[in-house]
Amino acid sequence: MRNAPLAEKTPIGVFVGLATLDVIHRISAPPSVNEKVTARDQFVAAGGPAANAAVTFAALGGRAVLVTALGVDPVADLVRADLAAHGVRIVDGAGGEHRPVPISAVSVLESTGERSVVSLDAVRSDVPAPEGLGDLIAEADMVLVDGHHPRMARAAAAQATAHGTALVTDAGRWKPVMADLIPHVTDMLCSNDFRFPGTESSESTASTLLEKGVDTVVTTHGGDPIRWWSAGRSGYVPVPAVTAVDTLGAGDAFHGAYSYYRAGSGDLEQHLGDAARVAALRCSIVGPRAWLDRLRADLIRKQER
């Protein structure tokens, strides 16, 4: 691996997957059938697992490149503008193609911070990998794939293996392309609901993934400790206790932060603890982007000590 301590150089991360436009409403209670409710607040921002992870990686100080498919569309322009404002470089596999950009209708329940999402995704996308993907990955310290845009994901996985680059996979739910990705994956970050087909628990899923050659398997459990398996060892890492007011993108923030810390020095438990603190901060602040100001301020204070 070419990974170097963070103090020596700025880490470079390539994030391959979904970018959406999120239209977010904060509500006091879910509407019933045929009922209209007035939102308490609203936000519009770029979203998607890979995109949100890239934003977090950039906010921590890394150079984030998002490989996705946007094409020519007014909605795509909104996505590009938000990501550029947060330091993410976009490599667009769709080029000049006119195609619909997924729009996510998101509701966040004010009392608990829990979110509900209705959206198109890109699990069945046939957009190919852009030219030059191998060159991007050759310069990267890590690659993250989220299973969307499968042709891009497969190409990125193969290039990561060819260049000896860490390949992190966002495993929120099983996607068919993951069968092709697993032989290349170094770090599989799983939600507690993620199941390898035919397994019945997160533990049996982890065991199967390790048997198939994944180096490190991590399972998150919301506010409960993170479980990990790596190099013949396993353990738990506690997560900070916070009052959750907005959980939208918290898992993506965890993945982006883990990728950033994974690209530098330290051990697995340290990476997980640092990433958990970033995700907890995300949950404690309302809105998809306001928490980043707090994150940057915390980083500045830490550097000044």
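This is a predicted model: local features need pLDDT of at least 70, side-chain atom pairs count only at pLDDT 80 or more; totals for chains, interfaces and linings use all residues.

Colleague: How much space lies in the largest pocket?

Modeller: About 1,400 Å³. Its lining counts 45 residues.

Colleague: Which of them lie nearest its centre?

Modeller: Arg-115, Thr-247, Ala-250, Gly-251 and Asp-252. Strand S2 (20-27), H1, H7 and H8 are among the elements that give two or more residues to this lining.

Colleague: Which element gives the most?

Modeller: H7, with 5 residues.

Colleague: And how do the lining residues divide by type?

Modeller: The pocket lining has 18 nonpolar, 17 polar and 10 charged residues.

Colleague: Back to Asp-252. Where is its place?

Modeller: In helix H7, which covers residues 250-262.

Colleague: Is Asp-252 buried or exposed?

Modeller: Buried, and without a salt bridge. The nearest side chain of opposite charge belongs to Arg-115, 7.3 Å away. A salt bridge needs a nitrogen-to-oxygen distance within 4 Å.

Colleague: So what is Asp-252 in contact with?

Modeller: Setting aside neighbours within four places in sequence, Asp-252 touches Gly-48, Pro-49, Asn-52, Ala-53, Thr-56 and Asp-170.

Colleague: Asn-52 and Ala-53 bring us to H1. Why is H1 described as largely enclosed?

Modeller: Because 10 of the 11 residues in this helix, which spans 49-59, are buried. Among the buried ones are Asn-52, Ala-53, Val-55, Thr-56 and Phe-57.

Colleague: What comes just after H1?

Modeller: Gly-61, with a positive phi of about 120°.

Colleague: New topic. How many cavities of 30 Å³ or more turn up in the whole structure?

Modeller: The search finds 1. About 120 Å³ of space lies in the largest cavity.

Colleague: What lines the largest cavity?

Modeller: There are 13 lining residues, and Asn-52, Leu-248, Gly-249, Pro-288 and Arg-289 lie nearest the centre. H1 and H7 are the elements that give two or more residues to this lining. The largest share comes from H1, with 3 residues.

Colleague: How do those lining residues divide?

Modeller: The cavity lining has 6 nonpolar, 3 polar and 4 charged residues.

Colleague: Last one, Arg-277. Where is it found?

Modeller: In helix H8, residues 268-283.

Colleague: Why does Arg-277 count as partly exposed?

Modeller: Because its relative accessibility is 47%, and partly exposed lies between under 20% for buried and over 50% for exposed.

Colleague: And how far apart are the C-alpha atoms of Arg-277 and Ala-241?

Modeller: They are separated by 9.4 Å, with the two residues 36 apart along the chain.

Conventions: Residues are numbered from 1 along each chain as its sequence is written. Side-chain values use heavy atoms; hydrogens and water are left out. Helices (H or I, at least four residues) and strands (E, at least two) are DSSP runs, numbered from the N terminus. Buried means under 20% relative accessible area, exposed over 50%, partly exposed in between (1.4 Å probe, protein chains only). Lys and Arg count as positive and Asp and Glu as negative; His and the chain ends are not counted. Contact means heavy atoms within 4.5 Å. On a 1 Å grid over the protein atoms alone, a cavity is a set of points where a 1.4 Å probe fits but cannot get out, and a pocket is an open set with protein on both sides within 12 Å along at least five of seven lines; lining residues have an atom within 4 Å of a point. Grid points are joined across faces, edges and corners, and a volume is the space filled by probe spheres set on the points. Ala, Val, Leu, Ile, Met, Phe, Trp, Tyr, Cys and Pro count as nonpolar, Asp, Glu, Lys and Arg as charged, and the others, Gly among them, as polar.
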